[in-house]
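I'm opening my notebook to jot down what I look up, one entry at a time. Here is what I'm working from.

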Amino acid sequence: MTNQKRFLRWSLIAALSVLLSACASTRVTGAGSDPRDPYENYNRAMFEFNRKVDDNILKPLATGYATVLPSFVRTAVGNFFANIGDVWTAVNNYLQGKPKDGTTDVTRVVFNSTIGIAGLIDVATPMGLPKHEEDFGQTLGVWGAKSGPYVVLPFFGSSTLRDSLAKPIDLYADPLTASNNVPVRAKNSGRVLRAVDDRAALLDTGTLMESAALDPYQFFRDAYLQRRESRIRDGEN
């Protein structure tokens, strides 16, 4: 069995295990008051677990990263990973029946990978080629799959039943995972660097949102569900 097939198999098992655990927790402790969130007891426990991981590991790493590296270096790192992400975004735009957006994504990758020096510089956006964000969960939504109940995944955070089942596909299609020419150590280092860079970009925003919310769990849940629905509809009501 190849490493990619093994990774996909264990990713699927992990996603299903999380969902089964959520169901079991709900049967024992009862459903939440919000019909979108029948696994609220489980979700709140997982939300707190993720917060502890963030407070003790990810946030300190991101803070040190933001302190040590100049802003232009962090921008270049973010651009590099955004350029990689445009590849899977293009595929999903084509799958969603949006060839114009998909072609824009491909064109972005071409220009940013060449003129932009391997994606370190975003030359495509100033050229009038807007960036899109699409994943397989959104594609399933466009195809008519219902979101299902809200679920908080370990480490990944807010999700839904539909998006949880789509997550292994997104992970498998990630160029950092899909490429057989990249050593495993380099792939893992890239994943860690991307996670830290993403977290560093949210340092100020995350603190502000949590301090402004009486119930951070409810705030993040409602914001996630609203944003996902908006993205599936491309901002249309």
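This is a predicted model: local features need pLDDT of at least 70, side-chain atom pairs count only at pLDDT 80 or more; totals for chains, interfaces and linings use all residues.

Which residue in β2 does Val-151 stand opposite? I looked, and Val-151 faces Ser-159.

**Entry: the hairpin**

I followed the two strands next. β1 covers residues 150-153 and β2 covers residues 157-160, and they pair in the antiparallel sense over four bridges. Together they make a hairpin, with three residues between the strands. Phe-155 sits in that turn. I checked its backbone and found a positive phi of about 75 degrees, although Phe-155 is not a glycine. Is Phe-155 buried or exposed? Phe-155 has a relative accessible area of 62%, so I wrote it down as exposed.

**Entry: aromatic pairs**

I counted the aromatic pairs and got eight. Phe-49 belongs to helix α2 (residues 40-68) while Phe-155 is in the loop between β1 and β2, so the pair ties together parts that are 106 residues apart in sequence. Phe-49 comes out as partly exposed, at 37% relative accessibility.

Then I turned to Phe-219 and Phe-220. Their rings are also edge-to-face, with 5.8 Å centre to centre and 85 degrees between the planes. Phe-219 is partly exposed at 34%, and Phe-220 counts as partly exposed at 23%. Both names turned up again in an aromatic cluster, along with Phe-47, Tyr-150, Tyr-217 and Tyr-224.

**Entry: the loop between α4 and α5**

Another positive phi! Ala-118 has a phi near 60 degrees, and it isn't a glycine. I placed Ala-118 in the loop between α4 and α5. Its relative accessibility is 41%, so it counts as partly exposed.

Ile-121 lies in the loop between α4 (99-114) and α5 (136-142), and at 42% relative accessibility Ile-121 is partly exposed. I also found Ile-121 in a nonpolar surface patch of about 330 Å², made with Phe-80, Ile-117 and Leu-120.

**Entry: Arg-199**

Why do I call Arg-199 buried? Its relative accessibility is 13%, and the cut-off for buried is under 20%. Leaving out residues up to four places away in sequence, I listed what Arg-199 touches: Asp-54, Leu-58, Lys-59 and Ala-62.

How values were computed. Residues are numbered from 1 along each chain as its sequence is written. Side-chain values use heavy atoms; hydrogens and water are left out. Buried means under 20% relative accessible area, exposed over 50%, partly exposed in between (1.4 Å probe, protein chains only). Contact means heavy atoms within 4.5 Å. Patches are made of residues with over 30% relative accessible area and no salt bridge: like charges are joined within 9 Å, nonpolar side chains (Val, Leu, Ile, Met, Phe, Trp, Tyr) within 5 Å. Accessible areas come from the Shrake-Rupley method with a 1.4 Å probe; for residues, only the protein chains shown count as cover. A salt bridge is a side-chain nitrogen of Lys or Arg within 4 Å of a carboxyl oxygen of Asp or Glu. Two strands pair if DSSP finds at least two bridges between them. Rings of Phe, Tyr and Trp (its six-membered ring) pair if their centres lie within 6.5 Å; planes under 30 degrees apart count as stacked, over 60 as edge-to-face and the rest as tilted.
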